[in-house]
Amino acid sequence: MKKLVAYITSGYPEKSFSIDLALALGESGVDAIELGVPFSDPVADGPSIEEANHKALKLGFKFKHLLEISEVVAPKVDTLWMGYFNSFYQHDLKSLIPLAKKIGVNGLIIPDLPYEETLIYKDLFDSNSISNISFIAPTDTQDRIEKIVKESKKFIYMVAYAGITGSGASEDLQPILSSIKKHTQTPVYVGFGVNEKSAKEKVEGADGVIVGSAFVNILLNDALAYKQKIEKCCELAQIIKNEINS
């Protein structure tokens, strides 16, 4: 069965909501939760996630809230942290990665940390059995793809196009997906621009999808009560999970 990873912005609109939403998504077919760490300049993210980041920070998000959310969610749903390098670096990776392991977090997704720089932290991640998720982009050369996938763990984040999340751009990923699978058994999940309309097409040749903006758009809809937002996110998760496995 192909997998669905759901991104949500931690602490938006509040910590307890993030916990309730993550647990509900886990019960609705989501295989893993990306807890996004709000950041002032989320360079890889499109306008929806950027807006949610800024709103969470204005509402008082602190890194400790990520830890508190994770302590409740991680024992029940496969949990990853998605954030920009400075968010983690300023909390001292040598102490943060063991803490992540203790809480039960299984991996980090750091879009602004190039592969070459991830190698500096390889032993730290490996010794704590935490995956530092590898990214592959359509612009990567064959040599670079081979190097990256050899070090990959848990899954490979296949960026669906050059650009930012949620923009809906499209590229033919089949050649690069075939190339990746020649060199690794690590599952490949496609992210960027994945929603209920595009998921079936995007997952072709891959092992799963990563969905962010489609969920965050629901969170940003102020016309919906908290309960309605959770219900709509869970409905969306079920639709996408069915689409990628039909």
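Visitor: How many bridges join strand E1 to strand E9?
Guide: This is a predicted model, in which local features need pLDDT of at least 70 and side-chain atom pairs count only at pLDDT 80 or more, while totals for chains, interfaces and linings use all residues. Residues are numbered from 1 along each chain as its sequence is written, and side-chain values use heavy atoms, with hydrogens and water left out. Strands (E, at least two residues) and helices (H or I, at least four) are DSSP runs numbered from the N terminus, and two strands pair if DSSP finds at least two bridges between them. E1 (residues 3–9) and E9 (residues 208–211) run parallel, and the number of bridges joining them is four.

Visitor: Is the β-α-β unit of E1, H1 and E2 right-handed or left-handed?
Guide: E1 and E2 (residues 32–36) pair in the parallel sense over five bridges, with Tyr 7 standing opposite Glu 34. A crossover is called right-handed if, with the strands pointing away from the viewer, the path from the first strand over the helix to the second runs clockwise. With helix H1 (residues 15–27) between the two strands, this unit is right-handed.

Visitor: Which two residues does the cis peptide bond join?
Guide: Most residues other than glycine have a negative phi, and most peptide bonds are trans. Here the loop between E1 and H1 contains Pro 13. The cis bond has an omega of about 0°, and the residues it joins are Tyr 12 and Pro 13.

Visitor: How many residues are in the largest nonpolar core?
Guide: A nonpolar core is a set of buried Ala, Val, Leu, Ile, Met, Phe, Trp, Tyr and Cys residues joined through side-chain atoms within 4.5 Å. Among the residues with the most contacts inside the largest one are Leu 25, Trp 81 and Ile 180. Leaving aside residues up to four places away in sequence, Ile 180 touches (heavy atoms within 4.5 Å) several residues, including Ile 136, Val 149 and Met 158. The number of residues in this core is 91.

Visitor: What distance separates the C-alpha atoms of Met 82 and Ile 33?
Guide: Met 82 is found in strand E3 and is buried, with a relative accessible area of 8%. Met 82 and Ile 33 are 49 residues apart along the chain, and their C-alpha atoms are separated by 9.5 Å.

Visitor: Which residue forms a salt bridge with Lys 241?
Guide: A salt bridge is a side-chain nitrogen of Lys or Arg within 4 Å of a carboxyl oxygen of Asp or Glu, and a search of the whole structure finds ten. In this one the closest N and O atoms are 3.2 Å apart, and the pair links helix H12 (residues 226–244) to the loop between H1 and E2, 210 residues apart. Lys 241 counts as buried at 12% relative accessibility, and its partner is Asp 31.

Visitor: How far apart in sequence are the parts that Lys 153 and Asp 126 tie together?
Guide: The closest N and O atoms of the Lys 153 and Asp 126 salt bridge are 3.5 Å apart. Lys 153 lies in the loop between H8 and E7, whereas Asp 126 lies in helix H7 (residues 122–127), so the parts that the pair ties together have a sequence separation of 27 residues.

Visitor: Which residues make up the network of salt bridges that share partners?
Guide: Lys 153 is partly exposed, with a relative accessible area of 35%, and Asp 126 is partly exposed at 30%. Through shared partners, one network joins Lys 122, Asp 126, Glu 151 and Lys 153.

Definitions and conventions. Buried means under 20% relative accessible area, exposed over 50%, partly exposed in between (1.4 Å probe, protein chains only).
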